[in-house]
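This report describes selected features of the structure shown below.

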Amino acid sequence: MSAKSIIDKIWQAHVVKQLQGHPAVFAIDFVLLHEVTSAQAFATLKERDIPLFSPETCLATIDHSIPTRKNRHEIFDLQAKNQVETLRQNTRLAGITFYDFESQHQGIVHVVGPEMGATQPGMTLVCGDSHTSTHGAFGALAFGIGTSVLTHVLATGCLLLQKPKTMKVHFKGRLSPGVYAKDAIMKLLATIGIGGATGHVIEYTGEIIRNMTMEERMTVCNMSIECGARAGLIAPDETTFNYLKNKPYAPVQDKWQNAVEHWKSLCSDDDCTYDRVIEIDVNNLVPMVSWGTNPGQTIGIDETVPKISQLPENEQSMARQALDYIQLKEAQPILGTPVEWAFIGSCTNGRIEDLRQAASILEGQQVHPQVTFYIVPGSEAVLAQAKKEGLDQIFEQAGADFRMPGCSMCLGMNDDKVPAGERCISSTNRNFVGRQGSGSFTHLASPATVAASAIAGKIVPPNEFIKGSQVHG
Amino acid sequence: MDKITAIKGNVIPLKMNDVDTDLIIPAQYLTSVSTKGYGEHLFQRLKESDKQFVFNQTAYQGANILLTGNNFGCGSSREHAVWALREAGIQAIIGHSFADIFASNSAKNGLLLITLSEGLIADFFQQASSSQLVLYIDVVEKKIRLEGTHYDFDMDPFVQYCFTNGLDELDYLLSCKDDIGMFKQKQKSFLTLGEKP
Ligand code: SF4
């Protein structure tokens, strides 16, 4: 038997059939749903009178368009209200578990799935959202799909897929204090660009990956889509198993042992091959910040915005447009750029560890008077845990606004928007034109860099605010 | 889906790379629960901010073939981008490369994507911006025809099969129901279901 990667193993275990010249009929194990991209799928099923294939392997919640203020049950935007109500009805009729406002499990779909143990190694998982790649942190093959394909999966438990190419991204070296998983993945984006992994599924390897917590691994896999990858994943290990154990959807008793054994067998064989392999050296990596209007337009915090003439020719016009939009000049340092807004949240960095990081920096400090700082937990569970640890107190004392769970200012679909002409340092994943609000400017960074910059009122690295000697994997 | 064997019409040149789906249809227009009503907001931000934007120019009104650069449709997986383009009358996009999810969404909504070399695209841009460029796209023969000459393009055989037969992917999957049933029965699952969390 020839050596296989984890990607090939999961692929082979899920091909139902494949005719010459046609895509594979590919089995999907679990489906996540949210209010923005699912309604049209349910409508099509109803129109064509097709029953749901397997409602028990679906899980739904609300996140994208809901408010994050305390009285969030009151949705004033009529369309958003309609989306939420439609999902409520669709899931009730179909018998799908739905985490509503009162459930204590509501949250961003990519935060909730793993928290419930629904995301497991070797599984195939889809959601009508591009950041489904997040779930790859568990050694699952997880990817975003459009609404038509969601209809296919809900109707048949399968979709049509061509075999993706495989790519290994190996992180070499160790991270310095003040440098995090977010910085490592942003370094990859800066290196290969936003189309750099198109058509591939990435497996991330290296010592820093093995030392990462599940939260950090999710941050890495989350941003796979930003370099065009179909999905990104990390082979499961003890960290994965410890995280999953005793989660609601996790196997119990005998089944647990069998599961762990099976999961271990999924890891890539030693001498397996990939269609592409690249290495990213993270020794000497510094905190990363985006300067432009796509996540690949990213530099180290101690670097200057690139000189357009020094960029590859095919990137120059985009870079010029980006700088025009974001109102920075070529060759200016990114360090010290004043910000009016700061945001910590999203499926990239809205988990408990991210909030702990932010709290450790904010403790005993004050948010700069010019800065509005939103901190939005990824889920009810994150919110509850943060309160238990007293993080909410720290945030409030520092002058940050600690809000209710949801996507919030990650995409500005609800009331949480950065006003036109104002600049935000953000722990999210996309800095596209107008992403956080029409005419707003976004700089992506790690939660630690965001918290430090909120205090300083300008873009600064977290180091001087880090207490004691924190060492990160 | 209707059978699509040929597309004929005017080219509208959108000389940009990395056009993301936020730009195609901004997030604030995604709150509807239907697949309709997005066409009028296609490229809304560019239409508002730039009077000279090609979609504001009368010369290109009614054009149904969009010409663009690299990595079109990157970013969010929203299928609304494809619905918006279709509703605005776009039937085919010619570009140098397309983002994965966007390409997959397009195939399911009868939006034809054609990948051509950068050189040829540059030629087309030149022609389309100086005078009207009318193309005839033959989906059966996989050829773009104009004034006595033609260019071959590649097309995924299954997508072509679906386009030319008016076949819906969902019908195809439903026809595999027995295979799927057998497969799912044999499959290992370690989910704890039943006692709902
Ligand atoms: S947090 Fe942002 S990236 Fe994540 S699912 Fe919500 S909108 Fe998408």
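A:Ala331 has a relative accessibility of 37%, and therefore counts as partly exposed. In this predicted model, A:Ala331 is placed in the loop that runs between helix H11 (313–326) and strand S15 (341–344) of chain A. The phi of A:Ala331 is positive, near 70 degrees, although the residue is other than glycine. As background, most residues other than glycine have a negative phi.

A:Gln104, which is not a glycine, has a positive phi of about 70 degrees. A:Gln104 belongs to the loop between strand S5 (97–99) and helix H4 (109–115) of chain A. Its relative accessibility is 60%, and because exposed means over 50%, A:Gln104 counts as exposed.

A:Gly157 comes after H5(A) and has a positive phi near 70 degrees.

The packing of H3(B) against H4(B) can be described in more detail. Helix H3 (residues 80–87) and helix H4 (residues 100–108) of chain B pack at an angle of about 50 degrees, and their axes are 9 Å apart. The two helices are therefore oblique to each other. Their crossing is right-handed. On the side of H3(B), the contact is made by B:Ala81, B:Val82 and B:Leu85, and on the side of H4(B) by B:Phe102, B:Asn105 and B:Ser106. By class, these contact residues comprise four nonpolar, two polar and no charged.

The axes of helix H13 (residues 352–362) and helix H14 (residues 380–388) of chain A come within 9 Å and cross at roughly 35 degrees. The crossing of H13(A) and H14(A) is right-handed. H13(A) contributes A:Ile352, A:Leu355 and A:Arg356 to the contact, while H14(A) contributes A:Val382, A:Gln385 and A:Ala386. This contact has four nonpolar residues, one polar residue and one charged residue.

One further residue of chain B concerns a helix and its surroundings. B:Glu118 lies in helix H5 (residues 118–130) of chain B. With 47% relative accessibility, B:Glu118 counts as partly exposed. Leaving aside neighbours within four places in sequence, B:Glu118 is in contact with B:Asn70 and B:His96. B:Glu118 and B:His96 are 22 residues apart along the chain, and their C-alpha atoms are separated by 5.9 Å.

Chain A has 16 helices and 19 strands, whereas chain B has eight helices and seven strands. For the 473 residues of chain A, a compact globule would have a radius of gyration near 23 Å; the value of 21 Å for chain A agrees with this. Chain B has 197 residues. The table gives other values for the chains.

| Property | Chain A | Chain B |
|---|---|---|
| Span of the C-alpha trace along principal axes | chain A: about 55 × 55 × 45 Å | chain B: about 65 × 40 × 25 Å |
| Buried residues | chain A: 66% of 473 residues | chain B: 55% of 197 residues |
| Contacts joining residues at least 24 apart, among contacts between residues at least 6 apart in sequence | chain A: 76% | chain B: 66% |

How values were computed:
Residues numbered from 1 in each chain as written. Chains lettered and ligands numbered in written order. Predicted model: local features only at pLDDT ≥ 70, side-chain atom pairs only at ≥ 80, totals over all residues. Heavy atoms only, no water. Helix = DSSP H or I, 4+ residues; strand = E, 2+ residues; numbered from the N terminus. Axes fitted to C-alpha atoms, helices over the stretch in contact; angles between N-to-C directions. Parallel < 35°, antiparallel > 145°, perpendicular 65-115°, else oblique. Left-handed = near helix turned anticlockwise from the far one by under 90°. Contact = heavy atoms within 4.5 Å. Nonpolar A, V, L, I, M, F, W, Y, C, P; charged D, E, K, R; others polar. Rg over C-alpha atoms; globule rule 2.2 N^0.38 Å. Buried < 20%, exposed > 50% of the residue type's maximum accessible area, 1.4 Å probe, protein only.
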